Amino acid sequence: MAGLTALVIDDESQIRRAVSHALADDFAEILEAATGDEGLDLVRREKPTLIILDLGLPDMTGLAAC
């Protein structure tokens with residue numbers, strides 16, 4: 001859909017790929033991040049419509065990222 005952006009934050013690349021693939025038909029752009037810090041940078045810069053966030057990231061918990 002035009003203008004909608006999703007962000008998938010997960011440290012496992014296979015999970016990021018699977019979730020991104022599942023969202024592909026509904027979002028114009030899908031961003032991916034492997035760490036909380038990287039994800040927060042993308043949130044500030046891109047302001048995604050939807051964020052899918054892993055609770056167990058290598059640098060912080062998903063709750064801390066929220």
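This is a predicted model: local features need pLDDT of at least 70, side-chain atom pairs count only at pLDDT 80 or more; totals for chains, interfaces and linings use all residues.

Colleague: What makes the phi of Lys-47 worth a remark, and where is Lys-47 found?

Modeller: The value near 50° is a positive phi in a residue other than glycine, and Lys-47 is found in the loop between H2 and strand E3, residues 50-53.

Colleague: Why is Lys-47 called exposed?

Modeller: Exposed means over 50% relative accessible area, buried means under 20%, and partly exposed lies in between, with a 1.4 Å probe and protein chains only. Lys-47 has 62% relative accessibility, so Lys-47 counts as exposed.

Colleague: And why does Leu-7 count as buried?

Modeller: Leu-7, which lies in strand E1, has 1% relative accessibility and therefore counts as buried. Not counting residues up to four places away in sequence, Leu-7 touches residues including Leu-31, Ala-33, Gly-39, Leu-42 and Ile-51, where contact means heavy atoms within 4.5 Å. Leu-7 and Thr-49 are 42 residues apart in sequence, and their C-alpha atoms are 8.0 Å apart in space.

Colleague: Which residues of H2 are buried, and how do you know that they line one face of the helix?

Modeller: In H2, residues 36-46, the buried residues are Gly-36, Gly-39 and Leu-42. Seen down the axis of H2, they fall within an arc of 125°, so they line one face of the helix; the arc is that of the directions from the helix axis to the C-beta atoms. On the other side of H2, Arg-44 and Arg-45 are exposed, whereas the buried residues of H2 pack against strand E1 (5-9) and strand E2 (29-33).

Colleague: What does H1 bury, and what does H1 pack against?

Modeller: H1 spans residues 13-23 and has Arg-16, Ser-20 and Leu-23 buried. Viewed down the axis of H1, these buried residues fall within an arc of 65°, so they line one face of the helix. They pack against E1, E2 and E3, while the face turned away from the buried side carries the exposed residues Gln-14, Arg-17, His-21 and Ala-22.

Colleague: How are the helices and strands ordered along the sequence, and why is the chain called as compact as a globular protein of that length?

Modeller: The chain has three helices and three strands, which follow the pattern β-α-β-α-β-α along the sequence. The radius of gyration is 11 Å, close to the 11 Å that the globule rule gives for 66 residues, so the chain is as compact as a globular protein of that length; the radius is taken over C-alpha atoms, and the rule is 2.2 Å times the number of residues to the power 0.38. Along its principal axes the C-alpha trace spans about 30 × 25 × 15 Å, and buried residues make up 30% of the 66 residues.

Conventions
Residues are numbered from 1 along each chain as its sequence is written. Side-chain values use heavy atoms; hydrogens and water are left out. Helices (H or I, at least four residues) and strands (E, at least two) are DSSP runs, numbered from the N terminus.
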